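This report goes through selected features of the structure shown below.

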Amino acid sequence: MSTQQGTSPAAVTATTEGQFEPKIIAFCCNWCSYAGADLAGVSRLQMPTNFLVLRAMCSARVDPEFVLRAFAKGADGVLVLGCHPADCHYIGGNYRTRRRIALLKMLLEQYGLDPDRLHLEWVSASEGVKFQSTIKDFTEKIREMGPNPLKEAEEESARVKGESHH
Amino acid sequence: MSETRGAVVVVGGGISGVQTSLDLAESGFQVYLIEKTPSIGGVMSQLDKTFPTNDCSMCILSPKLVEAARHPLINLMTMSEVVDVSGEAPNFKVTIRHNPRFVDMDKCVGCGICAEKCPVKVPNEYDASLVNRKAIYIPFAQAVPLKYAIDSSKCLKLTKGRCGLCEKNCPAGAINYEDKPVDETIDVGAIILAPGFSVFDARLKKEYGYGDYPNVITSLEFERFLSATGPYGGHVVRPSDQKTPKKIAFLQCVGSRDEKVGNTYCSSVCCMYAMKQAIIAGEHTAGLVPSIFFMDIRAVGKEFEDYRARAEKEYGIKMHRATRVASVSQDPVTKNLTLRYESGGDIVEEEFDMVVLSVGLEPTKGADKIGKIFGVNLNKYGFAGTNVYSPLTSSRPGVFVTGAFAAPKDIPTSVAEASGAAAKAGAYISNKRAFPEEEKREEIAVEGEEPRIGVFVCDCGINIKGTVDVPSVVEYARTLPNVVYAEENKYSCSADSQQKIKDLIHKEKLNRVVVASCTPRTHEPLFQSTLKEAGLNPYLFEMANIRDQCSWIHMGEPEKATKKSKDLVRMAVAKSRLLEPLYESKLPVTHSAIVIGGGVSGMIAALDIAGQGYHVDLLEKTEELGGNAIKIYHEEDGRKLREFAKELITRVRNNKNITLHLSTEVKDVGGFVGNFKVQTNQGEIETGSIVVAVGAEEYKAKEHLYGQDPRVVTQLELEDKMQKGTLPAKTIAMIQCVGSRNDEAPYCSRVCCANAIKNAIAIRKANPNAAVYVFHKDIRTYGFREDLYKEAGMAGVRFVRVPDDKPPMVTKEGDDLKLVANDIVLGDDIELKPDMVVLSTGIRPHHDNEELAKMLKVPLSKDKFFLEAHMKLRPVDFATNGVYLCGLAHWPKFTDEAIAQASGAAARAMTIISKPELKSEGIIAAVNEDICDGCKICEPVCEYKAITIVEDPKNPEKKKAVVNEGLCKGCGCCVAACPSGAMEQRGFKNQQILATIDAALEEGE
């Protein structure tokens, strides 16, 4: 097999007890990024378990509402992965995605969220390794940023409500 | 198969064979696709990126391979070869030998345990033998079919009778060491040969040290270096020490344009792929300086010249023009390589870290055997013999050729030809077209019913179960709302599991099915057809990918992987609860085509469609047929193009299936695939498909005193003069690239070099005393036309290479013409007093292109030629379904290329108009008319122009969006753009996706 296997299965388990484990939602387009994620699997590239993939036909299907909903429900980070520029299966959907994500990042700031919690990346169907590195890097970045402040605020208000109720 | 369905044997499963198979099958013919290796895909599957778009090769190829394997009319026969052909078209008897795979294809699930256990390591040819595979193997991860095969020459059991580990460990019992070759004879109407090419053996160029020096590699090996799935994971490193190189030299024409090795022709593709490799390598490796050593850069294809300019200017690739490297030597310690070459008259030595040999394309190994078996002639180079005017036809009637079997060529040309060969083969069996009939079944009604979800969790042998605690996932699934049944399968995809799912749909009254296993990209269609067979709408199905995207990537973390599998199942269940039955709507088809343009391309396209029994309306703007060809006198393959064009005109006029509309202009185009309405100045024509063959125009020269001095003429005018008698001129100067490769038209017009050389040779033959000069930037006689270049040199034609940015100057001195040019090789200006100056004027897009493109809603390239859907794999398609492209309207090209492409466009049109009806996609956009307020935001967002804003008939004050189901491709881009929530994507509705997100972020058990 190839020399690019990345982290060996055994090495991944060495996580520190009690450290923050972020929850990440990864939207993948059907034609490039979802296929890239599959290729990572076929190539047995190991990566953290903190993400869940949602398949969309095109990255341009990712409605800003989906991203906001994910954050509102407690996601610590959201990845949007699409075909490289000029490779879009639907001609130019990814160009729209790029513009939408740029705007959405501004909006996140207004909500008091660090815009870096949302990340757009191009991953092609042959880039299993890039899928792996994107997941690894983003997981680490979010781990450093800590939990979604909206979630904490909600928990806090729930706790306060709970206390006042008693 | 249907007794009456016409059949075609296609030999070779590379991109050309796959495309021709798909086009035939989509036109209602049975295809036997014969591939000698265990997987289809050919050389293209080994490539990293493709020029000039730098698209990922596998990403664009892989869907075609899967489509071919899945098509009900394509019988894919891997590890097979044709051993005998008898009879005549359309009644061939073809004997096919199925060589033993030693693995039962019906049982193998592609889990890979056999290869894991196999103790025999074999260098993997797919990865340039730089890494090992096992004796039981799949050639590459995306192989189609994904079935293992045993390499009988390496397997211990088969060679020495010991081992047997794969058999012991195969959970599916698929191994069969007793497998034997089996011969089968089939009846077919036509044969298409697409066996591809072989690469030149670089060992034969001893002076470059390939095979002895580890850091000298071939270009095909370098593709694997660049690939993310290759031996070095896409990192550019030296084989000797795995260090990152700083300087790489690319040596062109290794095994091409080289009489010493017996290959006089140009391989046509190496210039482009070398520039591509240099660009990609530079992108992968900071600080890398690539150098390319070449004689001429032959960037003749669509947007290739731009690519060359970028390679040089933006990527800083050092271009050593007109330089052939004499030798390569290796430093025994550092393994660095020293190149000796000539520069400015001096012999220079330069050291590099790595050398890539751009190896040429040769006839496929065993081409002569293929020639014998099929009874077809090869040409003097050993490629299949064809004629300029019938480029897809072999010497045996009913046997056609496509791709690099007939000459070295690039992927888009091979793909266009592949479609063309399908048109030619289809003509032999056009009366035996039969589309597979869909069985009609009562569908289980689900509307208003409470969801009853069945969940099937797959072990995939040990692929999932080895990491994930499958029984606990099953237990968990049972606790989820609306799940009424859950079970574990050893292989959910196996035939017995399919039967079980069908039984349970009835027994448990399941109205939603969730399978947690591998990826929907490969397996969703399988489960969907199972649902269909059980009477459940196939869209009431959802998959959880717990193998490729869970167990395989979290192998060391069984607990977390198990939890994640539960999360993924919970998400799939949440979505399935909201799934609705979807229906592909059926669209009627007008069974005829319109061809716009009556030149050679248009006439060929019309004749090929008419030849399959369909009606064609041929629209020509002028009063006569023939286009540019009627003006061209020179001979190719012993015949003048104008004579050929005249013959075509007669054939078109006599064809009862063709209605000729002369002096007819397109005024407007409405409708959509299968149902176009074309308005012309002569009235409206309804049609199912449109072929654009409007041709192009000759550049009208303004430079070099053209139009001011009668001694300055174009090549066409020269031919006219030559027709009328010998030329009185003693000194003739030909100037290349007039109106090409300049600021106004940066592209190369492709045909001018060969045409000029042909005329130059003719002048020298008629008048050996005439001095003929050709002033050029590069001589681009690619392919077999390279022989013309050589012949011209022998005939005494003098070639003068001038700088890219400094064309020759023609002035008048008294009554004389004076020409001054900078000779790069001489390094000085030369001066001539020619009696005649001949301008090789370029090809310009037709002046009507912009208007027509707007009417057809199709794009133009930046040079104003029509722009196809994909430059590599859809060379004659537009993104708009049902509209096709060929000839000079697409790009400058030679007659044979235009003819092949025209046949290709005809075949593509056949895939539409031959169908009894068309189906729209199931997953498309749909408007909720109650909510839509016609704000028009969605309209420009749609890449397919599928949305129109119309007045609401119920309320004239209100507007609303309407989605054309024939045009919508289901990307969902408009849905995300809709501010009111009126636009929905079927199968991916907002509520369904939001429910999935909510489920993903719920706390699990």
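## Cis peptide bonds in chain B

B:Pro52 sits in the loop that runs between β3 (49–50) and β4 (55–56) of chain B. In this predicted model, the peptide bond leading from B:Phe51 to B:Pro52 is cis, with omega near -5°.

Another cis peptide bond links B:Ala89 to B:Pro90, where omega is about 0°. B:Pro90 belongs to the loop between β6 (80–88) and β7 (91–98) of chain B.

## Positive phi angles in chain B

B:Phe102 is not a glycine, yet its phi is positive, at about 65°. This residue is placed in the loop between β7 and α3 (113–117) of chain B. B:Phe102 has a relative accessible area of 7% and is therefore buried, the cut-off being under 20%.

B:Ala128 also has a positive phi without being a glycine, here about 55°. B:Ala128 lies in the loop between β8 (121–123) and β9 (132–134) of chain B. Its relative accessibility is 18%, so B:Ala128 counts as buried.

B:Phe250 is part of strand β16 (residues 247–254) of chain B. B:Phe250 counts as buried because its relative accessibility is 0%.

Leaving aside residues up to four places away in sequence, B:Phe250 touches B:Phe222, B:Ala274, B:Gln277, B:Ala278, B:Pro290, B:Ser291, B:Ile292, B:Phe293 and B:Val356. B:Ser358 is 108 residues from B:Phe250 along the chain, but the C-alpha atoms of the two are separated by 6.7 Å.

## Where chain A meets chain B

Contacts between the two chains involve 60 residues of chain A and 61 residues of chain B. About 5100 Å² is buried between chain A and chain B, and carbon and sulfur atoms give 59% of this area. On the side of chain A, the residues that lose the most area to chain B are A:Thr49, A:Leu52 and A:Arg61, which together make up 13% of what that side buries.

There are six salt bridges between chain A and chain B. B:Arg521 forms a salt bridge with A:Asp38, with 3.0 Å between the closest N and O atoms. Elements of chain A that give two or more residues to the side touching chain B are α1 (9–12), β1 (24–29), α2 (33–42), β2 (51–56), α3 (64–72) and α4 (93–110). The largest share of that side, eight residues, comes from α2(A). By type, the residues of the side of chain A that touches chain B are 32 nonpolar, 15 polar and 13 charged.

Conventions. Residues numbered from 1 in each chain as written. Chains lettered and ligands numbered in written order. Predicted model: local features only at pLDDT ≥ 70, side-chain atom pairs only at ≥ 80, totals over all residues. Heavy atoms only, no water. Helix = DSSP H or I, 4+ residues; strand = E, 2+ residues; numbered from the N terminus. Buried < 20%, exposed > 50% of the residue type's maximum accessible area, 1.4 Å probe, protein only. Contact = heavy atoms within 4.5 Å. Buried area = accessible area lost by both parts, 1.4 Å probe. Salt bridge = Lys/Arg side-chain N within 4 Å of Asp/Glu carboxyl O. Nonpolar A, V, L, I, M, F, W, Y, C, P; charged D, E, K, R; others polar.
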